[in-house]
Amino acid sequence: MADGGDTHQDPGALTEEQAERMLAGMNEVIRAGEEMRTLRAEMIRVLVGLGWTQDRIAQLTDMSQPAVSKQVTKHQAAGPLPPMTLSLDQYDTPWLEGRLWGLAEEISETFCDTARCTRYVHAIARGKKRFTPQNVDELRRLVEEDLRLLQAEMPGSYRDAYDEISRGLDVPSKETTTASASVRRTLAHRIQRDRLRLGTE
């Protein structure tokens, strides 16, 4: 029989710390899933506003046409979105954050073995990092470090894009937009990556 000073734990027991870590991991996945469902619903509304048919949206989203129709009907009460500009030359904060994210992801994939921003990019993709001012500043720092350390191997378009993004983030725009911040970031992220690829081919 163990004496009163024995602190050995039952190997079959689950500690509170273990349970907390496990549930925190589950909560991250659930939260990320909920956020992506919300983002997809908002993107459907944007695509409808850009003139896309429900059938085409259903094909691209891998949803049924009735499911897309349900999403469209749900948002019709709010009225149609004003036409959205898809030019990179926009300076609201979510748009610039999306451009920064796209640039960082492109650097990470191009220099997968050496880029300092890779772990941060992966954390964003998994929903572990959000676009708080502190996290955006940290991502900027990592991208700046990569631009400096990999300058000899990096296309000039990467530095040009960063300089424009950085100037915009340093002097926040007062312009207002109708689409949500997450939609703006997602669109800017995709367009920035495509532009960089076109510029380096």
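Which helix does Met26 lie in? Met26 sits in helix H1, which covers residues 16–49. Keep in mind as you read that this is a predicted model.

**The overall layout**

Let's start with the whole chain. The protein chain has eight helices and zero strands, so its pattern along the sequence reads α-α-α-α-α-α-α-α, with helices as defined by DSSP runs. There are 201 residues in the protein chain, and 36% of them count as buried. Now look at who touches whom: among contacts with a separation of 6 or more, 70% are between residues 24 or more positions apart.

Met26 has a relative accessibility of 43%.

| Residue | Relative accessibility | Class |
|---|---|---|
| Gln65 | 31% | partly exposed |
| Arg184 | 2% | buried |

Gln65 is part of helix H3, residues 65–76. Leaving out residues up to four places away in sequence, Gln65 touches Gln54, Asp55 and Ala58. Take Asp55: it is ten residues from Gln65 in sequence, and their C-alpha atoms are 5.9 Å apart in space.

Arg184 belongs to helix H8, residues 181–200. Is Arg184 buried or exposed? With a relative accessible area of 2%, Arg184 is buried, because that value is under 20%. If you set aside neighbours within four places in sequence, the contacts of Arg184 include Met84, Thr85, Gln90, Asp92, Pro94 and Trp95. Thr177 and Ala179 are in contact with Arg184 too.

**Spaces in the structure**

The largest pocket has a volume of about 540 Å³. Its lining is made up of 17 residues, and those nearest the centre are Glu35, Met36, Leu39, Trp101 and Ile124. H1, H5 (118–125) and H8 each give at least two residues to this lining. Which helix gives the largest share of the lining of the largest pocket? That would be H8, with five residues.

There are also cavities: a search of the whole structure turns up two of 30 Å³ or more. The second largest cavity holds about 30 Å³ of space. Residues lining the second largest cavity include Tyr120, Ile124, Lys129, Arg130 and Phe131. H5 and helix H6 (133–149) are the elements that give two or more residues to that lining. The largest share, three residues, comes from H6.

**A closer look at H5**

Ile124 has now turned up in the lining of the largest pocket and in that of the second largest cavity. In H5, Ile124 is buried, and so are Thr118, Tyr120, Val121 and Ala123. What do the buried residues of H5 pack against? They pack against helix H4 (93–110) and H6. After H5 comes Gly127, which has a positive phi near 80°.

Conventions
Residues are numbered from 1 along each chain as its sequence is written. This is a predicted model: local features need pLDDT of at least 70, side-chain atom pairs count only at pLDDT 80 or more; totals for chains, interfaces and linings use all residues. Side-chain values use heavy atoms; hydrogens and water are left out. Helices (H or I, at least four residues) and strands (E, at least two) are DSSP runs, numbered from the N terminus. Buried means under 20% relative accessible area, exposed over 50%, partly exposed in between (1.4 Å probe, protein chains only). Contact means heavy atoms within 4.5 Å. On a 1 Å grid over the protein atoms alone, a cavity is a set of points where a 1.4 Å probe fits but cannot get out, and a pocket is an open set with protein on both sides within 12 Å along at least five of seven lines; lining residues have an atom within 4 Å of a point. Grid points are joined across faces, edges and corners, and a volume is the space filled by probe spheres set on the points.
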